[in-house]
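These are my notebook entries on one model. I looked up the strand pairing, the helix packing and the aromatic contacts.

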Amino acid sequence: MAKHSSVAMALFRKRWLTVVALLVMVSVTTAIAFIVRASLESSCDCRLYTTNQKRYNSSPESAKPIGVAVTQNPLSFMKSRLVLLVSHELSLSGGPLLLMELAFLLRGVGAEVCWITNQRPSETNNIVYSLEHKMLHRGVQVVSAKGQEAIDTALKADLVVLNTAVAGKWLDAVLKEHVPQVLPKVLWWIHEMRGHYFSLDYVKHLPYVAGAMIDSHVTAEYWKNRTQERLRIKMPKTHVVHLGNSNELMEIAEDSVAKRILREHVRESLGVRNEDILFSLINSVTRGKGQDLFLRSFYESLQIIQERKLQLPSIHAVVVGSDMTSHSKFETELRNFVISKKIQNYVHFVNKTLTVAPYLAAVDVLVQNSQARGECFGRITIEAMAFQLPVLGTAAGGTQEIVTNGTTGLLHPVGKEGIMPLAKNIVRLATHVERRLTMGKKGYEKVKETFLERHMEERIAGVLKDVLQKAMEHQRT
C-alpha cells in the first residue's frame, strides 16, 4: 500500500511540474534561445531513450514483470545497424525536425546514427549549435558534410536517408565516384510540394535509390506525375507514411488540468475572455500558408455576424508564427490590412514558436489555410485534432487525407475563391457550439485510431525493412 502511495505521489508531482514548465514556456516564447530549447524538448526530442526503455522490451528477460505483456518496438530490428541521415539544412523547419525525430527513434532501439548537414552555415548560430548539442547528447554522431569521414560513413552505413529533394545535391558534391555504391541503400524522404524542386540538379539519382518515402498520397502522386512528365525519369518504389503525434504532445492533450491552466494563461496574455471564440492559424508567416486570405475571411465573417445581428461572444483570429524581426513585406501587409479594417482588437499576432501545445489548448478552432497544392501533410492538423479542435482547412494536399469534411472539420477551396466559403465556415462554427465540440471529439477519435506515435513507428518500420532487404539483395548480386 505504501508503495502504491509513493508511486501516486511521484506521478502527481510529475504532472504538476509539467504544467508549471508549460506555463514557463508560454511566458517566454518571444525569446529565440528559449524557442530553440523548448522546441527540442517538446517537438523534436520525441524519442528519449529512457522513454523507449519503459515502453518497449529493451531490458533483460529477468527485468520483465511477471505476468505483464511487454510490447515489442516495431523498429527493434534496427538495433546495432549504422544509419546515416543527410539533411539539406539544420533549422527549426519541419523537414530537419522530422529527421531528428527519426534519429532519436532509431537511437531509442540501439541503432548507431550519424548526422550530416549539407548546407551548414560557416559560422555556427545559436539554433545550429543547440540542435547539434541535443543530438550529441542523445548519442547521435554529427559528421562534417564534406571530407573522407562523410564518404567512409556513407560506404559503411546499412542505410542512408536523404531528407528533402534538396539533399540530393550532396551525393555528387561529396561522394562523387562512390555514388553508385551508396544509391542501393538510400531511402529518400521527400516533403516538398513546390514545382521548383523538380530539377535534375536535385533528383537525377532518384530512380536508382532503394525507395522513396513521402508524407501523403496526394504528394506521392504529384511526384510520380511530375518526374515523368517534366524530367522524364521514373520514381523508385514509393512508400506513403502518414506522421503521428508524439507521446509527449498526447500527454498534454489528454490532461484536462494542464489544458485548463494553459488556456487561462494564454488567453490572459492575449487579453481575451474565456467565453470568446478563437480561430487560430499556426504556421510560419508566408504567402503560401495563406495568412492573408485567412484574415480576409475573418473580416468577412465579422461582417456576416454584424449583418445578421447574431448574438455571439467576441470572435478572434490568432496568427501564430509572426516574425517582425525579419522585416517581411508580407507580414507588413498583414498588419496594414488589420489596421485598415479596424480589427486590431480582434486579431492577435504571436511570435513563431514550436511550442504549440499552449496555443492549441487556448483556441477553439484551427485554420489550416495552406495555398496552391496545400501541405504535403500538415502535422499541426493532427496536433490540433489531438486537442479536440475542429479544423477549417483548404481542400488541397495532405489536409484532405486528414480532415473528414463535415465530420472532423470543414474544407474550403484554395485561393480567393475560398475567402467567402471560409468566412461562412467560421460563422457556422462560431454559432454552433455543439457542432464544434462534436467535430473536435471525432477528430480526437481519428487521431487515436491512426495518428499516434506508435502508428508512425509501425509505418516507418515497414519501409525500413523493405529498403534494407533491397540493399542486401543488391549486395549479394
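This is a predicted model: local features need pLDDT of at least 70, side-chain atom pairs count only at pLDDT 80 or more; totals for chains, interfaces and linings use all residues.

I then looked up the two strands concerned: β11 (residues 365-368) and β12 (residues 391-394) run parallel and are joined by three bridges.

Entry 2, the sheet. I traced the strand order as β10-β9-β8-β11-β12-β13, an open sheet of six strands with parallel pairing. I noted β10 (347-351) and β13 (409-412) as the edge strands, each pairing on one side only. The twist from one strand to the next averages 20°.

I found helix α16 (residues 379-386) lying across β8 (277-282), β11 and β12, at about 170° to β11. Helix α18 (residues 419-431) also packs on the sheet; I recorded its contacts as β8, β9 (315-322), β11, β12 and β13, and its direction makes about 165° with that of β13.

Tyr299 counts as buried at 17% relative accessibility, and Phe337 is buried at 12%. Phe377 and Phe451 are also edge-to-face, with 6.0 Å between centres and 70° between planes. I placed Phe377 in the loop between β11 and α16, and Phe451 in the loop between α19 (433-450) and α20 (453-476), 74 residues apart. Phe377 is buried at 2% relative accessibility, as is Phe451 at 1%.

I located Arg335 over the face of Phe349, 4.3 Å from the ring centre.

Technical notes:
Residues are numbered from 1 along each chain as its sequence is written. Side-chain values use heavy atoms; hydrogens and water are left out. Two strands pair if DSSP finds at least two bridges between them. Helices (H or I, at least four residues) and strands (E, at least two) are DSSP runs, numbered from the N terminus. Axes are lines fitted to C-alpha atoms, for helices over the stretch in contact, and angles run from 0 to 180 degrees between N-to-C directions. Contact means heavy atoms within 4.5 Å. Buried means under 20% relative accessible area, exposed over 50%, partly exposed in between (1.4 Å probe, protein chains only). Rings of Phe, Tyr and Trp (its six-membered ring) pair if their centres lie within 6.5 Å; planes under 30 degrees apart count as stacked, over 60 as edge-to-face and the rest as tilted. A charge sits over a ring if NZ of Lys or CZ of Arg is within 6 Å of the ring centre and within 35 degrees of the ring normal.
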